[in-house]
Structure formats: C-alpha cells, structure tokens
Amino acid sequence: MIPTQKEVIEAQKRVSPHIHNTPVLRSSSLDKMVDAQIHFKCENFQRMGAFKYRGAVNALLQLSKEQLSRGVITHSSGNFAAALSLAARTLGTKAIIVMPSNVNRVKLQAVEAYGGSIVTCEPTLEAREKTTRAWMESTGATLLHPSNQREVILGNATAALELTKQAEALDVVLAPVGGGGLLAGTALACTYVDHNMEIIGAEPFGADDAYLSLKTGKIQPSVHPRTMADGLRTQLGDQNFPIIQKFVSRIIRVEESEIAAAMRLVWERMKIIIEPSSAVAVAALLREKKEFEKRRIGVILSGGNVDLDDLPF
C-alpha cells in the first residue's frame, strides 16, 4: 500500500530533531542557462553528506528497544552505509555494513569513522544479499534496506517536503534515481503538497533500469551498471516502484560526459561540492532545458561525498 500524506508528515516530525533542515540555493548563471527559476535542495549539506541520513534515522527511530539491542544491518555501496553507521551511533546501537569490495574509498572511510562494522563481499547484488542473510542469522540484527523499505522511503520524503516549503509553487521537481528510495519519497511529498507538480527522475544511460522499468511496467534487473554515479548502481524494489509508477511522469537519461560536465558546473558556479549521483539530476535539467523554460524547478542535490583524488574532470 502506498504511504499516506499523514505518514509523510509524521516522518517529518519524527526526524526533525535529528537532521539538518538543509538550505535551498539559487544560481543566476544556471537560471540563465535554462531560462528558468531553479531551486537546489542541498542534501550535500545533510549530516554525513547525503539525504540517506533521513531514511536511516526514520527507520531506526521506529525499532523496538529489543531490536536496537541486537543492532542493525544493511548492504550498501556507500551513502546509506555511512548514514546508518552514524544514525546507529547517535541512537546508541551498532550497525553491521555489508559493502562490495570495489566500494568508493571515501565512503568506506566514512563508515569506519562513524563506527560501522564493515563486512566485505563480491561486488554483485547476489553476493551482497547472501552475505547479509548470513550475518543476520548469526547476530540477530534487524535488516534495514537502503531504498526499498517503507520507513526509509518516508524518511527520504522529508527532503522534498522541506523543499516545497522553502521554494513555494514549484512546477516540477527532479531527483536522481538508483534504488528508487529518493525518487519515490520525493514523488510522495511533492504530490501530496500539489497534485499538479510534475516529478521527473534522472538516470545515467549506463544504469537505466528505472527508465526501462517505467517504460515496460515491471521492474527490470540492473545488469552490470556502468556509470561514474556509484550511488545509482543499484536496483528498484517492490516498495518504491509502485510509487514511482503512480506519481513520476518520466525519467530523463544522461551521458557520462554530461554528468561530469554538470558536476563541474555546479562546483564552479555555485561553489559547492556535489557527487556524480547528484550531478545526474542537474545533467538531466541541462540536457532537456527547452522543456523547462519559464518554469519553477526544484532539484534534489542528493549528496556530496566525493573522492577528491578521483574526480571525473
């Protein structure tokens, strides 16, 4: 069942004491490039540097004392791993993080710094899920999914809910899509605020399973995704896909060169750090800018965790 407006509002109240109400920034340069009014919701300024902290905190706050005493576990390539590690430490429990062996170095170091217990596995979804099941059985830890869990989706929705209050009367909101948790949450929040608001996803051509899923009407597997946007190399789930199907109008795909160019543009013009996954939404806006002329646009900048020794520009 699709979460209700009441659940989105309750999630906002629940997480508010634990998160940053991140700023919305403007850029006259980017406004001129698109000929539109663009409002950037800067989740790169969220605790641990990404929107993922919202979902992790919302999920943890709804666990029982017994569950918290046994700890939590997830499998994640980076940002949710760091988010859950920090949230678990903040709320007094422990987090086991199953990570692929090819994980981004900076995100691995963040998990270590936040106190997560790292278990490495082969870089396949099958290996991640198998390893996670084994550790769940041996520890009794509660599984929290990075994107395909109701509580996580609702936590993610709070970013867009804040955006609609900070930048009123938006015509369209763009968000990147990987596992689908952010796009689903964004779609819920924005639709409940204004049913006429258009919700658009952004995705790399090299990892376009969400585009194909929306086109065919059923979840398509993410097979060997190839993109610098490491946070989007994952798979839609049965909890978030129905929300995306119902509320998201379309998904714009972008090239790797466009992601790198958008990332550099934001760094240069706005003087803020965003990661490639965030840049995907900006790239989509620039790729189809004729479609966005004269409109009031919201863009979710999903995170800013970057390896400065491995930039794509």
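Four strands form an open sheet in the order 5-4-3-6, with parallel pairing. Strand 5 (117-121) and strand 6 (142-143) are the edge strands, each with a single partner strand, so one side of each has no neighbour in the sheet. Strands (E, at least two residues) and helices (H or I, at least four) are DSSP runs, numbered from the N terminus. Two strands pair if DSSP finds at least two bridges between them.

This is a predicted model: local features need pLDDT of at least 70, side-chain atom pairs count only at pLDDT 80 or more, and totals for chains, interfaces and linings use all residues. Residues are numbered from 1 along each chain as its sequence is written, and side-chain values use heavy atoms, without hydrogens and water.

Strand 3 (residues 72-75) and strand 4 (residues 95-100) run parallel, joined by 4 bridges. Thr74 stands opposite Ile97 in strand 4. Helix 7 (residues 125-139) packs on the sheet and touches strand 3, strand 4, strand 5 and strand 6. Contact means heavy atoms within 4.5 Å.

The whole structure holds 13 salt bridges. Each is a side-chain nitrogen of Lys or Arg within 4 Å of a carboxyl oxygen of Asp or Glu. Three of them are tabulated here.

| Salt bridge | Closest N and O atoms |
|---|---|
| Arg70 with Glu66 | 3.0 Å |
| Arg295 with Glu198 | 3.1 Å |
| Asp208 with Arg253 | 2.9 Å |

Arg70 and Glu66 both lie in helix 4 (residues 65-70), 4 residues apart. Asp208 lies in the loop between strand 8 and helix 10 (209-216) and Arg253 in strand 9 (residues 250-254), so this pair ties together parts 45 residues apart in sequence. Lys41, Glu43, Arg54 and Glu162 are linked in a network of salt bridges.

Terms used: Axes are lines fitted to C-alpha atoms, for helices over the stretch in contact, and angles run from 0 to 180 degrees between N-to-C directions.
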